Amino acid sequence: MRRTRILTAVLALAAGLLAGAPPALAAEAPPQPTAKLAADTYTWRNARVDGGGFVPGIVFNRKERNLAYARTDIGGAYRWQQSTKTWTPLLDSVGWDDWGHTGVVSLATDSVNPDRVYAAVGTYTNDWDPGNGAVLRSADRGASWQKAALPFKLGGNMPGRGMGERLAIDPNRNSVLYLGAPSGKGLWRSTDSGATWSQVTSFPNPGTYVQDPGDTSGYASDNQGVVWVTFDESTGTAGNATRTIYVGVADKDNAVYRSTDAGATWSRVAGQPTGYLPHKGVLDTANGHLYVAYSDKGGPYDGGKGQLWRYTTATGTWTDISPVAEADTYYGFSGLTVDRQRPGTLMATAYSSWWPDTQIFRSTDSGATWSKAWDYTSYPSRSNRYTMDVSSSPWLTWGANPSPPEQTPKLGWMTEAMEIDPFDSNRMMYGTGATIYGTENLTNWDSGGQFAIKPMVQGLEETAVLDLASPPSGAPLLSALGDVGGFRHTDLTKVPPMMYTQPNFTSTTSLDFAESNPNTVVRVGHLDSGPHVAFSTDNGVNWFAGTDPSGVSGGGTVAAAADGGRFVWSPEGAGVHHTTGFGTSWSASTGIPAGAIVESDRVDPRTFYGFKSGKFYVSTDGGATFTASAATGLPSGDSVRFKALPGTKGDIWLAGGAEGGTYGLWHSTNGGASFTKLANVAEADTIGFGKAAPGASYQTLYTSAEIGGVRGIFRSTDQGASWTRINDDAHQWGWTGAAITGDPRVYGRVYVSTNGRGIIYGDSSDTGTDPGPDPDPEPTGACAVTYQITNQWSGGFQADVRLANTGTAPWSGWSLSWTFGQGQTVTQMWNAEHTQSGATVTAKNVGWNANVAAGSSVSFGFTGNWNQSNAKPTAFKLGDRTCTVT
């Protein structure tokens, strides 16, 4: 995973969970009914990306074939399912209050009782994570868990997280477990199968290494601690504690310790190398060799020098078995595994070799000699011992076309996890910063052939989701993701062919589409060198870069006008700006502070909104000038998300706040001039809209919130008067506070952001039967139509249509028809469904805009073709009534 992963996760979490101070309370609406809990049955799945995050650990069970687990830094743990060759998530039950327990610092699978598995969980050791760590234990392979709380924090997303495994089970007496702790907390032990834990007070060294002692955040200045535990199973018998235990410590002078009396006493192993950190320690019991992979840094990003050493347990002899001379390394070693079927065969990785590629080394003679996965023929040409097929996850090429010796797809980066299947010498898996790769013909390496590498990652979803959008036409889902940028999903069950490119942001922080012209899309994000804004005119299929205003350092938030004719951007490093066209020239907006969150009205293309530090801002001139609203009582912090409702001007919902202060959900029907707080929502962090329920006149609301004393994902089909919890305790996914949206085309479908478990989407069993409008609805009363050609080019054009109810009775459905006079044809329509027979076009309402009150209007738009001239239609009919043309 790229270096931005830390910032992505931390900024999202810090903004979503920790910000805010208590402002004055807003006036509350009359008390509303409490929420119904789990009153609907939902099916939850991932919108497939397959991977997308760092996999620092893979663990095979040594008693049962095909039983394997993988851990991620912020996205939970997974179990391998051999029948489908997919991964099953195991920690989706982690709730909002325990969100840090989605970070997994270590895993252990019990080779005495394979049903038992353990996970040491916790995301940060500094105050970014308010909770302590825990050890989770399961007697059913992770289907359910019990928790043993720890009196200290664990760091699944901290520096050094690729070292390990920190958690280990005694292979002879499986009720005994050890855990290496960070932050100077030392070595811990459980003697009751993980139910309780106590510190091993006789262990002499809690570690000394910190990445950056001057880091005031506590992130890089934490002591990386005790990093791995390895048992010499030959020194014990079944039912009796193993006598000899090796422990690795983040200390460059005193890295490896040993106990020969089942953990009662400990001593530094004599003769060991110094100057490096022990990333991995793996014991080949058959040959009596302890192999240790060293790096000068803790990883997973850094590491400039490294060595591999072999310790002969019988003689106490240390031997340098590094595959290359220390002077020739520009990386550290970490990934380390032995072939249990072929003693003496081992492999290691150059985990921090970012360019031109990672390297994998293999030895079949206990490290006396080595071969490489790739080598130079004549620089920069390479010869590979492997082939790579990423057709199942084609985005792993990153759309790149690098110059030799770099190749695409890359063999990997941050390759700290690597394991040979203990039952099958041909199968090996290794983790990277973006996926799990594997092979099933590894021994071809030894016979001079090529072994085949492919992703083995389906089911493991580990993206951090920062924003989501579901347009009314085109692709059903557009996403903004940390580290891999984001994707356009045309089929939620398939991996998209490529992330957004041209430019390829390291993280996309915000995206938006034009409500009446969904082909127009904008996104903003982080990029080390290059523009931070990009545009698409084909619904996100292709992109082109815009130009940054002066001073921009990061993505921020962005909003597209309802018609796509202008944009407002609030980037990092600069104030709010606006532009017409596609960002070739930006002008500073006035009246709104830097760092404000910006959104657009979904009907009026000249109206934009902003929020900053308890104040709501409105612009009616396309973002040029903003005015602070008189609305009071909104959250004073910036942990707020708000959206304007499609189809109705000035209808705004705002969610946010922080514990101990103003927190909840607010609604405005007058363009933000005032807001009403919903009394039945205690806390809310996101708000989104989807297709209206059958028979309902208002779009469905979705939120991640606390309602009725319960945290969950909620749905309302009656403008927030009542709520139904639609997830359950088995489907919580930790922190879900970044974004949520319903699908405007599928009632009940909702897309939920997670911080490390990817994009979750749910479908309701309560689909109902939507009667919709009559086949030919015939509203009573008068009507008026405004038809405007908003853009025209050779052979094509775009038009907007506004249909007004100028009568005295409401409409419950509408169907507007007209006839083109010069052979024009409609190619795509949004906010309405259309048919065309010859020259006659009929546009009908969609579910959410069927109801039009007297004096109100509804708008839709379309693109079309012309080949003679493009005169406007002169007559429009609503059913059998002729409308006034304005």
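Modeller: Start with pairing: two strands pair if DSSP finds at least two bridges between them. Strands are DSSP runs of E of at least two residues, numbered from the N terminus. This is a predicted model, where local features need pLDDT of at least 70, side-chain atom pairs count only at pLDDT 80 or more, and totals for chains, interfaces and linings use all residues. Residues are numbered from 1 along each chain as its sequence is written, and side-chain values use heavy atoms, with hydrogens and water left out.

Biologist: In strand 35, which residue is the bridge partner of L478?

Modeller: R488 is that partner. Strand 34 and strand 35 (residues 488-489) pair in the antiparallel sense over two bridges. Their hairpin has six residues between the strands, and D483 takes a positive phi near 75° there. L478 is also the bridge partner of A469. That contact belongs to strand 33 (residues 465-469), which pairs with strand 34 in the antiparallel sense over four bridges.

Biologist: How do I read the two faces of a strand?

Modeller: In a regular strand the side chains alternate between the two faces of the sheet. Then ask about burial: buried means under 20% relative accessible area, exposed over 50%, partly exposed in between, with a 1.4 Å probe and protein chains only. In strand 34, L477, S479 and L481 are buried on one side, and L478 and A480 on the other. Five of the five residues of strand 34 (residues 477-481) are buried, so this strand is largely enclosed by the rest of the structure.

Biologist: How many residues of strand 15 are buried?

Modeller: Five of the five, residues 245-249, so strand 15 is largely enclosed by the rest of the structure. I245, V247 and V249 cover one side; Y246 and G248 cover the other.

Biologist: Which strands pair with strand 15?

Modeller: Strand 14 (residues 226-231) pairs with strand 15 in the antiparallel sense over five bridges. Here F231 has I245 as its bridge partner. Strand 16 (residues 256-259) pairs with strand 15 in the antiparallel sense over four bridges. Y246 stands opposite R258 in strand 16. Strand 15 and strand 16 form a hairpin with six residues between them.
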